[in-house]
Amino acid sequence: MSPAAMRTGIFGAFLLAFGGAAGAAELACPDLATLVQVNACPSEEELQYTYTGYCSDNAMAYGNKTDPCVRYADYRKLKNLALWESPDGRFDGYVSCDLPLAQWRGARPTGIALAGQGKVTRLVCSYPNGINLTYRTHETCTLQDPRACASNAAACAATCN
């Protein structure tokens, strides 16, 4: 097979595998009951060790970035997190390890918002207890019905293409 034919075959396989760029993806906030924990919660020993290292860094102190260092409890609240993601890996976010699973697993979205950050569009789904799950893309996204989304985030969807 010629190199040109191989490139054409590889490109065609790529389009088949990823469905091409022509279709718009519809996204809805994920169900918290289906989230998968990506990393483990830090142990108390790890938190104390990183607290000492982070808060003793002179560059942080001179840069006035030591607000969570005033009290260990503040640092612990900030850093005692685990990364969770939707089963398809599209949405991810940090959840406090101090928050019992039963308290948030069945929660429904309370808000959905689009935000730009440079060339990246972020679709942010908000839930009770300060939980936010974010989808990041270079595509352009729009809320399908912004008025309906304001009243019922659980029934809201966005289209990205």
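Q: Which residue in β6 does G111 stand opposite?
A: That's S126 in β6. Keep in mind that this is a predicted model.

Q: What makes β5 and β6 a strand pair?
A: Two strands pair if there are at least two bridges between them. Seven bridges join β5 to β6 (residues 120–127), so the pair qualifies. The two strands run antiparallel.

Q: Why is β5 called an edge strand?
A: Look at the sheet as a whole: six strands in an open sheet, in the order β2-β3-β4-β7-β6-β5, with antiparallel pairing. The edge strands are β2 (36–37) and β5 (111–117), each pairing on one side only.

Q: How do you know that β8 and β9 pair?
A: Three bridges join β8 to β9, and the cut-off is at least two, so they count as paired. The sense is antiparallel, and T142 stands opposite T159 in β9.

Q: What does β1 pair with?
A: Strand β1 (residues 25–28) pairs with β9 in the antiparallel sense, over four bridges. Within that pairing, A25 has C160 as its bridge partner in β9.

Q: Why is T121 called buried?
A: Buried means under 20% relative accessible area. T121 comes in at 18% relative accessibility, so it counts as buried. This residue is found in strand β6. Leaving aside neighbours within four places in sequence, T121 is in contact with L114, A115, Y135, R136, T137, E139 and C141.

Q: Which backbone atom of E139 lies 3.1 Å from a polar atom of the side chain of T137?
A: Here it's the backbone nitrogen of E139. T137 sits in strand β7.

Q: Is T137 buried or exposed?
A: Buried: its relative accessible area is 10%, and the limit for that label is under 20%. Beyond four places in sequence, T137 is in contact with K119, V120 and T121.

Q: Why does H138 count as exposed?
A: Exposed means over 50%, and H138 has 65% relative accessibility, so exposed it is. You'll find H138 in the loop between β7 (131–137) and β8 (141–143). Setting aside neighbours within four places in sequence, H138 is in contact with K119 and V120. The backbone oxygen of K119 lies 3.4 Å from a polar atom of the H138 side chain, so this pair falls within the 3.5 Å limit.

Q: What makes T50 partly exposed?
A: Partly exposed is the range between the buried limit of 20% and the exposed limit of 50%. At 35% relative accessibility, T50 lands there, so partly exposed is the label. T50 is found in helix α2 (residues 44–55), and the backbone oxygen of L47 lies 3.1 Å from a polar atom of the T50 side chain. T50 and Y75 are 25 residues apart in sequence but 9.5 Å apart in space, C-alpha to C-alpha.

Q: Which residues touch the most other members of the largest nonpolar core?
A: Of its 24 residues, those are L32, F91, W104, I112, L123, Y127 and L143. The elements giving two or more residues to this core are β3 (81–85), β4 (91–96), β6, β7, β8 and β9 (157–160). Nonpolar side chains tend to be buried together in soluble globular proteins. For Y127, contacts beyond four places in sequence include C29, P30, L32 and A107.

Q: Where does pLDDT stay under 50?
A: Over residues 1–22, for which the model has two contacts beyond four places in sequence. The mean for the protein chain is 84, with 83% of residues at 70 or more.

Methods
Residues are numbered from 1 along each chain as its sequence is written. This is a predicted model: local features need pLDDT of at least 70, side-chain atom pairs count only at pLDDT 80 or more; totals for chains, interfaces and linings use all residues. Side-chain values use heavy atoms; hydrogens and water are left out. Buried means under 20% relative accessible area, exposed over 50%, partly exposed in between (1.4 Å probe, protein chains only). Contact means heavy atoms within 4.5 Å. A polar contact is a pair of N or O atoms within 3.5 Å; within protein, one must be able to donate a hydrogen and the other to accept it, and residues adjacent in sequence count only if both atoms are side-chain atoms. A nonpolar core is a set of buried Ala, Val, Leu, Ile, Met, Phe, Trp, Tyr and Cys residues joined through side-chain atoms within 4.5 Å. pLDDT is the predictor's confidence in each residue, from 0 to 100.
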